[in-house]
Amino acid sequence: MRSVLVLLGMTAVMLFVALAIGDHPVALAQIIAVLTDSPVADLQSIQIVRDIRLPRVIMGFLVGASLAIAGMIAQSVLRNPLAEPGLIGVNAGAALAAVIVIVKFEVPPTHLLSWLAFAGALTMSLAIYALSWNSGSSSLRIILIGIGLSSLAWAGANFISAFGDPQAVQRAMIWLSGSVYNSTWEKIRTLVIWLAIGMAGSGLIAREMDLLALGDETARARGQPVELLRAVMFVLCAVLSGAAVAAAGLVAFVGLIAPHVARLLVGHSHGLMLPVTALAGGLLVVAADLAARTLFMPAQLPVGLMTAILGAPFFAYLMWRKRNV
Amino acid sequence: MSDQSALPILETRAASIGYGARLILRDLDFSIPEASFTVLLGPNGCGKSTLLRALAGLIRPQQGTVLINGRSISTFPRKELAQRIGLLSQNQSAPEGMRVRDLVRQGRYPYRTLFGRWTKEDDEACEEALAVTDTAHLAGEKFDTLSGGQRQRAWIAMTLAQRTSVLLLDEPTTFLDLSHQIDTLRLARKLVRERGVTVVAVLHDLNQAARYADNLVLLKHGAIISEGPPADVLTPETVKRVFDVDVTILIEPQTKAPICVPVEDADL
């Protein structure tokens, strides 16, 4: 439990640091003044913190939390520690939808685009689930069909890009590359709703996932409706990761690593893992975004790149620390 | 020792069972008396595990029915069936790092509802299962630190925590050393004698089966060749027919249990 408190503390500190650092540093006192609506806050701080950094930090946290929980469910439903939400097709579906919308129809990246990308992600993952159904679903079949259909969708996206207007293609690529740069309160509201639905659903079935982890046969012999549970998990995973991708593009590695961090900290109970996974994922994306926008100032890197750069060594450290346990 | 007049608790009636187009068991009529220890024996692929899965309601017969206390098991909601019939399958695997107590607690699943809390009764069932299987001292241990025998006993404890009147065990003694094999068989017999549980197990060792079971069922190619008390079932003819091995049957003087000894040519 101590390690969970440490994680909580790290997250709180990271949120403040992310609000303070940037092109124009803001003092801690000013941040608190802005957040508490105190009259000592100056106009510039209000503008920077409330209108630019706060939405971005919150968005980063929510995206990370969504992807992390989706990753936990993916690893559980696919019975594979290397699984991540991309395996069920959300990335490919969102990418194909985004490329079609931006390149083919030249729609500017607005709120509508997010919804279409979300729809693309959901459609793709449900298609994978439906195609892998053969009088019951199996983890391996879902993975194989997921990889196959995703490749097809990526090929489609690349095909459209190859013949598209270069400027539109570039816009699509930037949108896809994973960034929380253009975060708005409106986007946040949408993601919060999906995340709340996803978390509540995951919380409800946490105990069911614990039993399913013992294997299909064992779960069935205890009276569990295994196929129904898997379908629910699939939908939850698709909704959570699809909403995150729609909000921020493709952010790699979070869905893979956050559940492992949680497992190392609190063990295998999904009920305990759920909040810790969300926290770890949120922290990782906020930290990655901070690094992405400050390390090479004034250049801004995509946050998706930084999650991998930051996440991999941390993961290695955890593995190293646990090597003798 | 066996009480043949006991009512059947589990029955199959004209049951044909298989996977898709492939039938494993054909037109099977057989019954298991209540509060008895029945062992299914037969060569690999004869349909023992399939029969066990059908008795647990995990595969539905393509024809015929499986009944528990005279009622078709397909009419039970899943959880209610799991309150009556417990199955321990072969080749179990628990997630790394899971603790024994958490595994055993999963056995209470059939009694829990979506929002239901963990009850005192759940606790008692788990503690009892741990005590009976001699795993109470391992409750806090992580699964991957246990020996094969300890793991198997933890799985049995999980199945016992389910508190079912029927216990189906698929090769429960595989991977155990002799002393734990005997412990497991004694435990099965104790559950039958002291609590009136009906145990059906798949075993490979004919002599252990004959020593501990009330009834033996010999299966070959999805059909029952012989069933009844061990002394009646294990004969040189049936063993030859089912396993294609020539044996001599000796009688163990103390319990009168039959013992199969393979016949070898003197010059080998």
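The discussion below takes up the chain contact, a strand pair and a helix pair.

Modeller: The model is predicted, so local features need pLDDT of at least 70 and side-chain atom pairs pLDDT 80 or more, while totals for chains, interfaces and linings use all residues. Residues are numbered from 1 along each chain as its sequence is written, with chains lettered from A and ligands numbered from 1 in the order in which they are written.

Colleague: What makes residues of chain B count as in contact with chain A?

Modeller: The criterion is that C-beta atoms, placed from the backbone, lie within 7 Å. By it, 20 residues of chain B are in contact with 17 residues of chain A. Helix H2 (residues 78-82) of chain B gives the largest share of chain B's side, four residues.

Colleague: Why are S11(B) and S12(B) called paired?

Modeller: Pairing requires at least two DSSP bridges between two strands (E runs of at least two residues). Strand S11 (residues 247-251) of chain B and strand S12 (residues 258-262) of chain B have five bridges, in the antiparallel sense, and therefore pair. B:Leu250 has B:Ile259 as its bridge partner in S12(B). Six residues lie between the strands of this hairpin, and B:Lys256 in the turn has a positive phi of about 65°.

Colleague: What describes the packing of H4(A) and H7(A)?

Modeller: Helix H4 (residues 90-104) of chain A and helix H7 (residues 166-176) of chain A pack at about 150°, with axes 9 Å apart. Axes are lines fitted to C-alpha atoms over the stretch in contact, and angles run from 0 to 180 degrees between N-to-C directions. Helices are H or I runs of at least four residues.

Conventions: Contact = placed C-beta atoms within 7 Å.
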